[in-house]
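Have the model open beside you as you read.

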Amino acid sequence: MPDFLRRLGPDPHANGAQTVALRGCPDIFELDSGDFAVIGIDITAASIPKLPASAGCGPDERIVLVPRKTLVLAKTDIPNQV
């Protein structure tokens with residue numbers, strides 16, 4: 001497994017902020033492989049029946065909810081090229 005290289009966006013608990021689960025999520029990280037890891041709320045079971053016909057979620061995958069604020073605040077840290 002790759003290592004976590006850096007957090008994208010601010011620490012969800014910066015300045016004493018509290019998250020819904022109070023355990024450090026949601027979060028987005030860049031991995032040393034160049035891929036990304038996301039911590040969010042697992043919504044797989046409820047979402048699979050609602051996926052578009054061209055999408056799927058394999059047995060080793062999960063659909064996670066990432067709050068809009070988390071992704072928007074991480075935008076400046078996300079690379080512009082592959």
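F29 is buried, as its relative accessible area is 14%; buried here means under 20% relative accessible area, exposed means over 50%, and partly exposed covers what lies in between (1.4 Å probe, protein chains only). Before going further, note that this is a predicted model, in which local features need pLDDT of at least 70 and side-chain atom pairs count only at pLDDT 80 or more, while totals for chains, interfaces and linings use all residues. Residues are numbered from 1 along each chain as its sequence is written, and side-chain values use heavy atoms, leaving out hydrogens and water.

Which ring does F29 pair with? Its partner is F4: the ring centres are 5.1 Å apart and the planes stand at 75°, so the pair is edge-to-face. Rings of Phe, Tyr and Trp (its six-membered ring) pair if their centres lie within 6.5 Å, with planes under 30 degrees apart counted as stacked, over 60 as edge-to-face and the rest as tilted. The structure holds 1 aromatic pair. F4, with 56% relative accessibility, counts as exposed.

Strands are DSSP runs (E, at least two residues), numbered from the N terminus, and two of them pair if DSSP finds at least two bridges between them.

Now step back to the sheet: 3 strands form an open, antiparallel arrangement in the order β1-β2-β3. Its edge strands, β1 (4–7) and β3 (36–39), each pair on one side only. Strand β2 (residues 27–31) pairs with β3 over 4 bridges, and I28 stands opposite V38 in β3.
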